[in-house]
Amino acid sequence: MRRTWVLILCVALSIVVAAPAAIPVRAAAPTDLVFWGGWTGPDGDVMRGLVDQFNKEHPEFKVTLTTLQWTPLFDKFLTSVRAGQVPDLLAMHPQDIAQFSTLGLLEPVGEMVQHAGFKGSDFMDVAWKGTFYQGTQYAIPIDMHMHGVYVNLDLWAQAGLDSNRLPTTGTEFVAATKRLTVDAAGRHPDDAGFDPKAIKQYGLAMPNNHHGFYMWYALISQQGDPFLTADGSRAIFSDAKSNAAWQWLQDLVFKDHVVPVGETNPYQDFVTKRTAMLIDGPWQIAGLEKVPGLRWTTTTFPRVFNAPAAWGSGHLFTIPKQSSRARQEAAMTLAAWLVRHSQQWALSGNVPALLSVRSSAFFRGLKGRRGFVAEQPYEVILPDIKNSAQVFSAAAPSAIVVSAQAVLIKGDQVSRVTQDLRARLNAMLATP
Amino acid sequence: MSILPALASRRAGVRGSAATPYLFLLPYLVVFVLFRFGPVVGGFLTSLTSWSIVGTPRFVGLANYRALASDPLFYTALKNTCYFLVLTAPALVLGGFLLALLLNRPLWGRGAARVLIFAPYAMMSAVVGILWNWILDSNFGLLNFYLARLHLGPIPWLSSEAAAMPAIALTTVWWTVGYNMVIFLAGLQEIPHELQEAARIDGAGAWQVLWSITVPLLRPTTFVVVMLTIINTFQVFDQVYVMTGGGPGTATLTLVQYLYFQAFETFRLGYGSAIAYVTFAILLALSWLHRFLPSEVAA
């Protein structure tokens, strides 16, 4: 009996001694981080994969990514500021920074970016400059995206064109689009008897929304013309150069008949081989890679005038103002990790802003980026002005969309469009 | 002996303060004030300010209304909304009435037809917009495929200034005519059969029964349908937002679309609220039209 009691005592003692090792120590709860971005296509899936990887590698954080289209995303941001529940990390574009920093919603992050181990020379110059407004840094850049030209290699070969000689100048570009445009009788736009009402295949698909304005913006930049005054208070582009830019674009549709009139979905037209080329951004790459049997490549946006220039923008990470500095620093940890892992982000089609990633063998081995990378030195981004949401709105009644559609859909006289655009821009820019 | 005096005497015996009815109403009133009346007043006060949701609103008096009076885009939106009203309202009211007349008859497959016509109304507006975007696409749309076979197309439905609004109107009629049909059906079934039978016995033909019995007795229903159609049509937004975004140019820019653009695309909440109140005033004026209708119609 006594032995039994001793045995029980020993077992009890051993349990007490072993307990701290056997019972797992309760880990501290991970910090929840809220991350918002406007990636609603295949790029959203790539970013979601990156966030999952971050969560696995950083058990101390739990990041939730919310994606919405950019306009509703910014609406949600403003209302969330009102409700006192801002996201910890918010993606946007260079031209959005001025608006939100003027409203006092963004935290200056220069010091945090420096602590994260980054400096300006690590990034493409245009991407780094896009994170500043009036000398203060509000963001860290992850990528750049710009207009380029997608080419269907099968249709290109069928037209008897050499795939080693893709067009780079405006003249070469128009010649190729004419060669690729075919009517029901197999004639091209410059052939006698060509019927523009019976076109079976068009040479080019291009956007006629706000991206139509972006193309005009690139073309006036090619002529060396400034768009706005340095302080963004007035439009100063010249009538003649603006008219020349609009006219070149309009001729593709109404004179050369190489672009369908009133296209509603240029990307689908390119995928379904209704058109042989497409002017668009690298965000279409992830989708195009999934289209079976479509052989394509990219070339630069055509140099129509004196100097090369293509519209570009980029994605960058901002940290909204909030009371917790610790959360802001945690958000910068996430942003810095994403920037360092932008090699995977390049799978979305966007071109990494970090030079070390851009020059990596992995990125250089990715298909179809050649055209976009080649024009990066000539990229022109929209100016940062405090009412950019109003001036550069992508919605239909905005001045830039109305102008582009007047030229590319209605075929209005370009001189009238130039005057209307200038008048509406100046009215908006004069609004306090 | 009538039961009413007995009820009255019992009611008189119930003790209760004067506040009792208000206490019963209180739960609804709280919800009404918080979510209806409050925002209505708040919206009007916002229309008197310059405000971008964040920061402090700046009182500007009637400046937003004055700016609206000289804003050409506002008049474009108003004109487009009226055009949309003209395109859709007659088709929705007349179409709903004719479909109800047809499907009120003892036809084979009547139940299935009622469901099929009403079914689109149960679809989400975004789904309807995307569906019709594909049907109407200028290059690979279903409608243009058949029009091309008949040598009638292709027509750039959504990217031509002339065709975009009629295309949205067509979509809207397909989507919502079933709702009006159901209201008319309910109205038709309220008309006593005896009246129509008596008319027929007196020698009235089908047209006479329709014009002299059915249409007059449907007037209260017709009034409701007309008013609801005008109000809903004037507030058109979803299908425009999904299908054209207000374009091409400003061809399909409607009042609510313009309100959304100002308030939520360019963050001018005060100006957007002013557009909302002018739209509200126009609708209120239209709703008061019934005061000038014959008394039996307004009843």
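**Reading a helix pair and a domain contact**

Me: Which residues of α10(A) meet which residues of α20(A)?

Reply: A:Asp239, A:Ser242, A:Asn243, A:Trp246, A:Gln247 and A:Gln250 in α10(A) meet A:Val414, A:Ser415, A:Val417 and A:Thr418 in α20(A); contact requires C-beta atoms, placed from the backbone, within 7 Å. Three nonpolar, six polar and one charged residues form this contact (Asp, Glu, Lys and Arg are charged; Ala, Val, Leu, Ile, Met, Phe, Trp, Tyr, Cys and Pro nonpolar; the others, Gly among them, polar). This is a predicted model, in which local features need pLDDT of at least 70 and side-chain atom pairs 80 or more, while totals for chains, interfaces and linings use all residues. Residues are numbered from 1 along each chain as written, and chains are lettered from A and ligands numbered from 1 in written order.

Me: How are the axes of α10 and α20 of chain A placed?

Reply: Two packed helices are described by the angle and the distance between their axes. Here, helix α10 (residues 239-254) and helix α20 (residues 414-430) of chain A have axes that come within 9 Å and cross at roughly 125° (helices are DSSP H or I runs of at least four residues).

Me: How many residues of domain 1 and domain 2 of chain A are in contact?

Reply: The domain assignment, automatic or from a database, gives domain 1 (31-146 + 313-380) and domain 2 (148-311 + 382-430) of chain A. In chain A, 29 residues of domain 1 are in contact with 30 residues of domain 2. On the domain 1 side, α4(A) gives the most, with seven residues.

Notes
Axes are lines fitted to C-alpha atoms, for helices over the stretch in contact, and angles run from 0 to 180 degrees between N-to-C directions. Helices (H or I, at least four residues) and strands (E, at least two) are DSSP runs, numbered from the N terminus. Two residues are in contact if their C-beta atoms, placed from the backbone, lie within 7 Å.
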